[in-house]
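Here is a short report to read alongside the model. Please keep the sequence and the 3D view at hand.

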Amino acid sequence: MLMDPQNLPQRVRDVRNRIERAAASGERSVDCVTLLAVSKAQPVELMRAAAALGVRDFGESYLQEALEKMAALREVELTWHFVGRLQANKTRPIAESFAWVHGVDRLKIAERLAAQRPYYAPPLNLCLQVNVAGETAKAGVAPADLPALAAAVAALPRVRLRGLMCIPPEEADAARQRAWFARLRQLLQSLNNSGARLDTLSMGMSADFEAAILEGATIVRVGTALFGPRLANTPPHTGGGRAPPATGTIGAA
Ligand SMILES: *Cc1c(COP(=O)(O)O)cnc(C)c1O
């Protein structure tokens, strides 16, 4: 069941309040935390309503769906983030239409995005996805391989390496949630200590964004807490997983 659009204002208020409280208890300015509304598998009318409530950043995982929504909402000034799984043969429309790509985890994808970013557009903002827990089912660069990847991506034209992104294991316990996010923050700090200039930690989803804010998240990617359950048959958090083995893409990275 999709959410009744009448519930949206209250949902948006609730999420904003939770962000504010988490920022306050982390002694951080709430202005340093961007709410990225993950609208994959949600109707465009809900997005229009969210935009009317001041939501400006939207995250999509499915390219065709995203392009249709961009066309439907083209009269609204929005910032579009691709948060889905990246396939090399689909980078061109992503490079042409999005402002941000979260979840780059290999150089080949970043090189394609750089080559395909139109010369007239501002640089495409990239976050590198890190597999913080070393989960085999999840995408992301291993922490040990991060420095080399970050250096190579930072040297590419027409893209701008902004920071890191992660989808940690689901943890019910707030302290354990924080530990994963702290790990991503430490990785970012160590890159910056070696001369990188990264300003973005894209971490935290509906179930754990407060913990992420306490550990320094600058972008929280929130879907169901804002929009309710997604349309049936859409996998959760596709940005985080590689395709299932049956499709033969594991290892294609
Ligand atoms: C779907 C998705 C989200 C939002 O997840 P919720 O649990 O609905 O908040 C965040 N990030 C990524 C990469 C996703 O694929």
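Thr91 belongs to helix 4, which covers residues 91-97. Do bear in mind as you look around that this is a predicted model. Is Thr91 buried or exposed? With a relative accessible area of 0%, Thr91 falls under the 20% cut-off, so Thr91 counts as buried. If you set aside the neighbours within four places in sequence, the contacts of Thr91 are Ile109, Arg112, Leu113 and Gln116.

Next, a look at the strands. Strand 4 spans residues 100-104, and five of its five residues are buried. Strand 4 is therefore largely enclosed by the rest of the structure. Its partner is strand 3 (residues 79-82), and the two pair in the parallel sense over two bridges. Across from Trp100 in strand 4 you will find His81.

Now to the ligand. How many residues surround the ligand? There are 16, and the closest are Lys40, Ser206, Gly223, Thr224 and Arg230. Sorted by class, this shell holds six nonpolar, seven polar and three charged residues.

| Residue | Part of the residue | Distance to a ligand oxygen atom |
|---|---|---|
| Lys40 | side-chain N or O atom | 2.6 Å |
| Gly223 | backbone N or O atom | 2.8 Å |
| Thr224 | backbone N or O atom | 2.8 Å |

On its own the ligand would expose 390 Å², and the protein buries 97% of that area.

How values were computed
Residues numbered from 1 in each chain as written. Predicted model: local features only at pLDDT ≥ 70, side-chain atom pairs only at ≥ 80, totals over all residues. Heavy atoms only, no water. Near = heavy atom within 4 Å. Polar contact = N/O pair within 3.5 Å; in protein donor to acceptor, adjacent residues only side chain to side chain. Areas by Shrake-Rupley, 256 points an atom, 1.4 Å probe, with all protein chains shown as cover. Nonpolar A, V, L, I, M, F, W, Y, C, P; charged D, E, K, R; others polar. Helix = DSSP H or I, 4+ residues; strand = E, 2+ residues; numbered from the N terminus. Buried < 20%, exposed > 50% of the residue type's maximum accessible area, 1.4 Å probe, protein only. Contact = heavy atoms within 4.5 Å. Pairing = 2+ DSSP bridges.
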